[in-house]
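Me: I would like to learn how to read a structure of this kind feature by feature, beginning with the ligand. Could you give me the general idea each time, and then the case at hand?

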Amino acid sequence: MAENDDTRGFLISFEGSEGSGKSTQISRMARRFEDAGYDVVVTREPGGTPIGEEIRHILMHSDKSSEMCPETELLLFAASRAQLVREVILPGVAEGKIVLCDRFMDSSTVYQGIARNIQSEPVHIINTFAVGEMVPDVTLVIDIEAEEGMKRVRHRANDMPDRMEEENIAFYQKVRNGYLMLAKAMPERFIIVDGSLQQDELEQVIWKELRQRVI
Ligand code: TYD
């Protein structure tokens, strides 16, 4: 954490199920931090580096991805993350920047571990190997009801849903419960906000929480 080192930046991860509104709030927070005088880096998982974006394509859009087993999926997410940490996050934080990351290690714990039933121990070991010391300073979960998340995804104006978005309601429910469980277990790192709020109001709530921790 930054208490001992004034020059170190912050890693803030944003988590939540599909349709929770993460992307909108991440760009709003980037603007808020920039207005407050910080250098901000916005990145995402899977992806965020040239290698990570290639891995993202295999995970989400390859015509072979329906054949992918959960273990392969876990390792590919971790590979993208390992690259992102070393190429973007570590240097950014070392230079004193605020790094806002759309999903990070907790997505693997929840999606691969809890929702796809891989045992928690290998998920933890692989996650730890991928991130090294780079655990987020703050993880913000935008919480929405599973039904609402599914509804929002179906109404998105873009093309075909990707592989992940085609999951059923039980999957969304497991994801939601997974995040709530993690937040309960690690209250010092996690903040949960109510994703059913209207965007402007949600922005105020998130900004209030983040500025308390960072500024
Ligand atoms: P994306 O298109 O980035 O959308 P969003 O984050 O808005 O949902 O989707 C990333 C998908 O990958 C999402 O369904 C969650 C999933 N995912 C995992 O299953 N494990 C992971 O470790 C990560 C980073 C993402």
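Reply: A polar side-chain atom of arginine 81 lies 2.9 Å from an oxygen atom of the ligand, which is a polar contact in the sense of a pair of N or O atoms within 3.5 Å; within protein, one atom must be able to donate a hydrogen and the other to accept it, and residues adjacent in sequence count only if both atoms are side-chain atoms. This is a predicted model, in which local features need pLDDT of at least 70 and side-chain atom pairs count only at pLDDT 80 or more, while totals for chains, interfaces and linings use all residues. Residues are numbered from 1 along each chain as its sequence is written, and side-chain values use heavy atoms, with hydrogens and water left out.

Me: Which residues come nearest to the ligand?

Reply: A residue is near a molecule or strand if one of its heavy atoms lies within 4 Å of it. There are 14 residues around the ligand, of which Glu18, Lys22, Arg103, Ser108 and Gln112 come nearest. For arginine 103, an N or O atom of the side chain is 2.7 Å from an oxygen atom of the ligand, and for glutamine 112 a polar side-chain atom lies 2.8 Å from a nitrogen atom of the ligand.

Me: How should I read the sheet, and what is the order of its strands?

Reply: Helices (H or I, at least four residues) and strands (E, at least two) are DSSP runs numbered from the N terminus, and two strands pair if DSSP finds at least two bridges between them. Here five strands form an open sheet in the order 2-3-1-4-5, with parallel pairing. Strand 2 (40–44) and strand 5 (190–194) stand at the edges with a single partner strand each, so one side of each is left without a neighbour in the sheet. From one strand to the next, the twist averages 20°.

Me: How many bridges join strand 2 and strand 3, and which residue stands opposite valine 41?

Reply: Strand 2 pairs with strand 3 (residues 98–102) in the parallel sense over five bridges, and valine 41 stands opposite valine 99 in strand 3. Valine 99 counts as buried, at 0% relative accessibility, where buried means under 20% relative accessible area, exposed over 50% and partly exposed in between (1.4 Å probe, protein chains only). With contact meaning heavy atoms within 4.5 Å, and not counting residues up to four places away in sequence, valine 99 touches Phe10, Leu11, Ile12, Val41, Thr43, Ile89, Gly92 and Val93. The C-alpha atoms of valine 99 and phenylalanine 10 are separated by 6.1 Å, although these residues are 89 residues apart along the chain.

Me: Which helices lie on the sheet, and at what angles do they run?

Reply: Axes are lines fitted to C-alpha atoms, for helices over the stretch in contact, and the angles between N-to-C directions run from 0 to 180 degrees. Helix 3 (residues 70–94) lies across strand 1 (10–15), strand 2 and strand 3, and runs at about 145° to strand 3. Helix 7 (residues 169–185) packs on the sheet, where it touches strand 1, strand 4 (138–143) and strand 5, and its direction makes about 135° with that of strand 5.

Me: Is strand 4 enclosed or exposed?

Reply: Six of the six residues of strand 4 are buried, so this strand is largely enclosed by the rest of the structure. Both faces are covered, with Val138, Leu140 and Ile142 buried on one side and Thr139, Val141 and Asp143 on the other. Four bridges join strand 4 to strand 1, the two running parallel, and isoleucine 12 stands opposite valine 138. Strand 4 also pairs with strand 5 in the parallel sense, over five bridges.

Me: What does aspartate 143 pair with in strand 5, and which side chain does it join in a polar contact?

Reply: The bridge partner of aspartate 143 in strand 5 is aspartate 194, and a polar contact of 2.8 Å joins the side chains of aspartate 143 and arginine 176. Aspartate 143 is buried, with a relative accessible area of 15%. Leaving aside neighbours within four places in sequence, its contacts include Leu180, Ile192 and Val193.
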